[in-house]
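I opened this model to look up its metal site, its ligand shell and its salt bridges. My entries follow the structure.

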Amino acid sequence: MMITLKETAEKLKAANKILITSHIQPDGDAIGSTLATMQILRNMGKTAQIFIDDTVRKNLHVLPHFEEIRRPSEDERFDADLLLILDTSPDRIGKVSKLTDAPILNIDHHVTNSGEGVELYREHEAAATCEIIFKLAKELDAEITADIATCLYTGIATDTGFFQFSNTRAETLKTAGELISCGVKPNFISEELEKRSVDEVRGMIIALNSTKVFFGGKVAGMFLNLATMKKFDSTEGFIDLIRVIDGVDVAFIISEREENICRVSMRSKGVDVSKIANSLGGGGHIRAAGCTLKTSLDDAQKILIAAIAKAINAENLPCEGVALADFEQ
Ligand code: 5GP
Ligand code: MN
């Protein structure tokens, strides 16, 4: 059920012990929005604790209060009167759903979140959940400290590709501007987030070498098997290396996480990839979406290429990829 921002604020005011969470494979918006909200709620005198059921890439560990995020252990319970789920629908929070039976309040900007069975405040025009949390903080009359602003700015910056993607609105930049007035150091955040270990840069070379181009250059994909994936802390940013190829509309990465479990990430310049992801059991936004395919890497390629072919009306074109090294533009 959809609710308003005012109703969302009222529900938070009425709660005392709030368990905050976000999606597995957390990104800057997931971590930034949960950390900012935890601080806002604590400053209102409430008990607030973040649980996330996954590891978080090292670059985000610099965010204020990061060390307080907990990962749920097997059979753990947490005493809460509200479960606040940010930046995802409740199906992607892993074991956190077993920590409490408290009612769920959901805040999200994903268009694919329909709010089924929970109370959802959704603004799909918002570039990031952090943009919504900024509005919520105003609704709650909360002070935006430099630490809170740093977390919110990080989520907005990462979900907009540092203010480059089409989700960047005038309001996004106004919000970022206000956050800088509250004490954010934009260069600190971008320098921390772009940092890569030597091993990760070596991994990027392997990833680039795995690239294949499909449908005459409209689609490009990277293929990372289990052995290659063991070399990386994260594949964040890899997709941008091929998204930029002239003529490519849909870029994707398929990464094998466990045997017969492949993660798919997609980016597009035009095609609605959230529809493709949705058709494969995932979701996301028009220009950034993903899903998990429970098959081998080879089969995942076949399934994904068939779904993309349908979306770009290329069903009659050959679906074999051409290695980037052999592709003539
Ligand atoms: P990424 O490629 O960065 O992992 O994800 C791109 C966008 O798609 C993010 O907003 C992310 O939340 C969403 N997304 C990725 N994978 C899934 C999935 O399996 N299910 C849903 N519902 N959304 C996903
Ligand atoms: Mn987000």
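For the record, buried means under 20% relative accessible area, exposed means over 50%, and partly exposed is in between, with a 1.4 Å probe and protein chains only. This is a predicted model, in which local features need pLDDT of at least 70, side-chain atom pairs count only at pLDDT 80 or more, and totals for chains, interfaces and linings use all residues. Residues are numbered from 1 along each chain as its sequence is written, chains are lettered from A and ligands numbered from 1 in the order in which they are written, and side-chain values use heavy atoms, with hydrogens and water left out.

**Manganese site**

Which residues coordinate the manganese ion (ligand 2)? I found Asp29 (OD), Asp87 (OD), His109 (NE2) and Asp159 (OD), at 2.2 to 2.4 Å. Their spacing along the chain reads D-x57-D-x21-H-x49-D. Asp29 lies in helix 2 (residues 28-43) and Asp159 in helix 4 (residues 146-159), so this pair ties together parts that are 130 residues apart in sequence. Donors here are N, O and S atoms within 2.8 Å of the metal (3.2 Å for Na, K and Ca); water is not among the atoms, so sites may look incomplete. Helices (H or I, at least four residues) and strands (E, at least two) are DSSP runs, numbered from the N terminus.

I then checked burial: Asp29 is buried at 0% relative accessible area, and Asp87 is buried at 1%. Asp87 sits in the loop between strand 3 (82-86) and strand 4 (104-108). I also noted that phi of Asp87 is near 65 degrees, a positive value in a residue other than glycine. Most residues other than glycine have a negative phi.

**Ligand 1**

How many residues surround ligand 1? I count 13, the closest being His110, Arg263, Ser265, Arg267 and Gly283; a residue is near if one of its heavy atoms lies within 4 Å. For polar contacts (pairs of N or O atoms within 3.5 Å), I logged a backbone N or O atom of Gly283 at 3.3 Å from a nitrogen atom of the ligand. A polar side-chain atom of His285 lies 3.3 Å from an oxygen atom of ligand 1. A backbone N or O atom of Gly290 lies 3.4 Å from a nitrogen atom of ligand 1. Strand 11 gives the largest share of the shell, four residues.

**Salt bridges**

I find 18 salt bridges in the structure, each a side-chain nitrogen of Lys or Arg within 4 Å of a carboxyl oxygen of Asp or Glu. One of them joins Lys17 and Asp79, with the closest N and O atoms 2.7 Å apart. Lys17 lies in strand 1 (residues 17-21) and Asp79 in the loop between strand 2 (47-50) and strand 3, so the pair ties together parts that are 62 residues apart in sequence. Lys17 is partly exposed at 34%, whereas Asp79 is exposed at 53%.

Glu131 and Arg169 meet in another salt bridge (2.3 Å, N to O). Glu131 is in helix 3 (residues 129-139) and Arg169 in the loop between helix 4 and helix 5 (170-181), 38 residues apart. I have Glu131 as buried at 2% and Arg169 as partly exposed at 25%. Last, Asp53, Arg71 and Lys95 are linked in a network of salt bridges.

Terms used
A polar contact is a pair of N or O atoms within 3.5 Å; within protein, one must be able to donate a hydrogen and the other to accept it, and residues adjacent in sequence count only if both atoms are side-chain atoms.
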